[in-house]
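I opened my notebook to look through a new structure and jot down what I found. Here are my entries, in the order I made them.

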Amino acid sequence: MNGIAWIVLAALLIDFGLNWVADHLNLKAQPGKPPEAFRAFFKNGDYERSQAYLRVNTRFGRLAEAIQLAAILVFWFGRGFPVLDAWVRSFQWGPIFSGLVFIGLLAALRLTLSLPFSIYSTFVIEARFGFNRTTWRTFIVDRIKGAVLGVLLGAPLLAGILFFFQAAGPLAWLYSWGAVTAYMLVMQYIAPTLIMPLFNRFEPLKDTELEADIRRYAQSINFPLQNVFVMDGSKRSGKGNAFFTGFGRHKRIVLFDTLVRHHDRSELVAILAHEMGHYKKHHVLMGLAMGIGQTGVMFYLLSLCIGYPALFEAFFMPHPSVYAGLTLFGLLYAPVDFFTGILAMMISRRNEYAADRYAAATSGSGQALAEALQKLSVHHLSNLSPHPFYVFLNYSHPPVLKRIAALQRQTESPEGARPS
Ligand SMILES: [Zn+2]
């Protein structure tokens, strides 16, 4: 084993260990009874159900992570990479098509390995706690559509990157970065209009009073609102959500049908005010810019590592190639990804507070949003008392109690909380 092999192995084990510790602390942090702010929201046994949901998901998550880690180690030290490479090379397809097949087969292997876990999670755990609405038919059709889209959209981009690193010399990373950036921007437009409708039905909001309330609020903050859609989220899960997609003319706000069913009008407007707050505070653009920046750093580091013989030796590969370098670099890059991921989540949690503040300040009070958050977390059996270390590693949103406390502080002293 060389230095690179030790780095990758250490990163895999440390990542696994940190998650294990965080899970442990998270379970230990549970107080045994619902927090004060939530007492009134829990009906008989619901709090106990939320605790059971947390335990079952934690145990299952740990098992899934352990098996995933074992699978990587077995594939690596069982000489999986050179065996697969030798087989692909035997067809003599040339470097780009060979690369597509090599990476495609690894992706298919990974997907196959994760399949039993998504089946168990959907049809056993989610079903047991009353959330699952996915039929087998939907589950299978989703997987097929996902795979076809992955090949149609992913293969040309991957072929481009392989070509650049094969033929474009020292600036390959810059061309690849440009290609991926263009791809990300195009996806912003085609995801809401062409891709998401392949998986869900989007219908204009039928509740005219609700729509009038939403439009009145949007107008009050000068938000150019064209479309409010209701999505059949109930096709897959009883959990509700709302989101915002697209730029310019293609901006749309989407409410899950499950959300509309469980919340009253003022709560729904408050939830959308939060979503519009993300837009007004430029969080959507910020996220996109960060993603583009991160991609640039990654391609630059890739260009430094891809010709390095020790990278191939670490995985027992006798023939260096661009496609194998790309794959192996992915494993070496994991620690960088880990830290940028934590940083991105810190920024995201900060943005959530900012969107909450914006919603409360522009709608006069944080009351409706706080109530919506309370109902959502009770209905979703969310963990109300996560351990701070678990939050640090995993949460893109602040714990709900902290969000509610911040909203209450703002409602009590609105002076310091004007939208800026
Ligand atoms: Zn948000």
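This is a predicted model: local features need pLDDT of at least 70, side-chain atom pairs count only at pLDDT 80 or more; totals for chains, interfaces and linings use all residues.

Entry 1: The side chains of Asp-356 and Arg-403 form a salt bridge, with 2.8 Å from N to O. Asp-356 sits in helix 13 (residues 334-363) and Arg-403 in helix 16 (residues 400-412), so the bridge ties together parts that are 47 residues apart in sequence.

**Entry 2: other salt bridges.** I found a network as well: Glu-209, Asp-213, Arg-216 and Arg-265 are joined by salt bridges that share partners. How many salt bridges are there by this rule? The count comes to 14.

One of them links Arg-62 and Asp-23, at 3.8 Å from N to O. Here Arg-62 belongs to helix 2 (residues 46-77) and Asp-23 to helix 1 (residues 3-28), so to speak distant parts of the chain, 39 residues apart. Arg-62 and Asp-23 are both buried.

I then checked Glu-36 and Arg-39, whose side chains meet in a salt bridge at 3.2 Å, N to O. Are these two buried or exposed? Glu-36 is exposed, at 61% relative accessible area, while Arg-39 counts as partly exposed, at 37%.

**Entry 3: the zinc site.** I moved on to the metal. Which residues coordinate the zinc ion? I noted His-274 and His-278, each through NE2, and Glu-352 through two OE entries, at 2.1 to 2.7 Å. The spacing of these donor residues in sequence is H-x3-H-x73-E. Both histidines, His-274 and His-278, lie in helix 9, four residues apart, which is about one turn of the helix. His-274 is buried at 5% relative accessibility, and His-278 is buried at 11%.

**Entry 4: the nonpolar cores.** I looked for the largest nonpolar core and found that it has 44 residues. Ile-214, Leu-255, Leu-259 and Met-276 touch the most other members. Among the elements that give two or more residues to this core are helix 7 (208-220), strand 4 (252-256), helix 9 (265-280) and helix 14 (367-379). Another core, of 41 residues, lies apart from the largest one and includes Val-8, Trp-173, Phe-312 and Leu-332.

**Entry 5: strand 4.** I finished with this strand, where five of the five residues are buried. In a regular strand, side chains alternate between the two faces of the sheet. In strand 4, Arg-252, Val-254 and Phe-256 point one way, and Ile-253 and Leu-255 point the other way.

What does strand 4 pair with? Strand 2 pairs with strand 4 in the parallel sense, over five bridges, and Asn-227 stands opposite Arg-252. Strand 3 runs antiparallel to strand 4, joined by four bridges, and there Ala-242 stands opposite Leu-255.

Conventions. Residues are numbered from 1 along each chain as its sequence is written. Side-chain values use heavy atoms; hydrogens and water are left out. A salt bridge is a side-chain nitrogen of Lys or Arg within 4 Å of a carboxyl oxygen of Asp or Glu. Buried means under 20% relative accessible area, exposed over 50%, partly exposed in between (1.4 Å probe, protein chains only). A nonpolar core is a set of buried Ala, Val, Leu, Ile, Met, Phe, Trp, Tyr and Cys residues joined through side-chain atoms within 4.5 Å. Two strands pair if DSSP finds at least two bridges between them. Donors are N, O and S atoms within 2.8 Å of the metal (3.2 Å for Na, K and Ca); water is not among the atoms, so sites may look incomplete.
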